[in-house]
Amino acid sequence: MSEITLLDVIENLKISYNLTPYQKKQCDSFFSVIHPGDFIYPGHLKSKLVIDIKTAYLFMEDLKKAGFVRNIYEVYCMKCGRSKGIFLDTLTDFNENYTCDFCNSALSVSEDIIVLYKVLHI
């Protein structure tokens, strides 16, 4: 029995999410350059596929359930819109003493985190 690949799962998701021909083409283009270790931002997927952000997160959660990606958390200042450049495996790794390197604002785990996904295998 052959192993199910990321592209197999993507094909099923394109059908499940009833993507248009344009969205399917964009989806193929987006995932054709993905490699293990890459980060996928749902906002980027949203823009490429012309879908809403909720659908982008649901799409990525389906890939997570299939075992192709896992959650990762980026420390991101929502006040000035810049990344601290720190990526966390779990929210418990957040240091309550983090401050923004650009605007010097105190950062909080409840407000200054972006959920993204790390590709495990394809």
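Is Asp 89 buried or exposed, or partly exposed? Asp 89 is partly exposed, with a relative accessible area of 44%. Keep in mind that this is a predicted model.

My topic today is salt bridges. Searching the whole structure turns up five of them.

I start with the partner of Asp 89. That residue forms a salt bridge with Arg 70, and their closest N and O atoms are 3.2 Å apart. Arg 70 sits in strand E2, residues 69–77, while Asp 89 sits in the loop between strand E3, residues 82–88, and strand E4, residues 113–119, so the pair ties together parts 19 residues apart in sequence. Arg 70 is also partly exposed, at a relative accessible area of 27%.

The next pair is Lys 84 and Asp 101. Here the closest N and O atoms of the salt bridge are 2.8 Å apart. Lys 84 belongs to strand E3 and Asp 101 to the loop between E3 and E4, so this pair ties together parts that are 17 residues apart in sequence. Asp 101 has a relative accessibility of 53%, so Asp 101 counts as exposed, the cut-off being over 50%.

The last pair is in a helix. Lys 14 forms a salt bridge with Glu 11, with 2.7 Å between the closest N and O atoms. Both residues lie in helix H1, residues 6–16, and they are three residues apart, about one turn of the helix. Lys 14 is buried, at a relative accessible area of 4%, whereas Glu 11 is partly exposed, at 40%.

Terms used
Residues are numbered from 1 along each chain as its sequence is written. This is a predicted model: local features need pLDDT of at least 70, side-chain atom pairs count only at pLDDT 80 or more; totals for chains, interfaces and linings use all residues. Side-chain values use heavy atoms; hydrogens and water are left out. A salt bridge is a side-chain nitrogen of Lys or Arg within 4 Å of a carboxyl oxygen of Asp or Glu. Helices (H or I, at least four residues) and strands (E, at least two) are DSSP runs, numbered from the N terminus. Buried means under 20% relative accessible area, exposed over 50%, partly exposed in between (1.4 Å probe, protein chains only).
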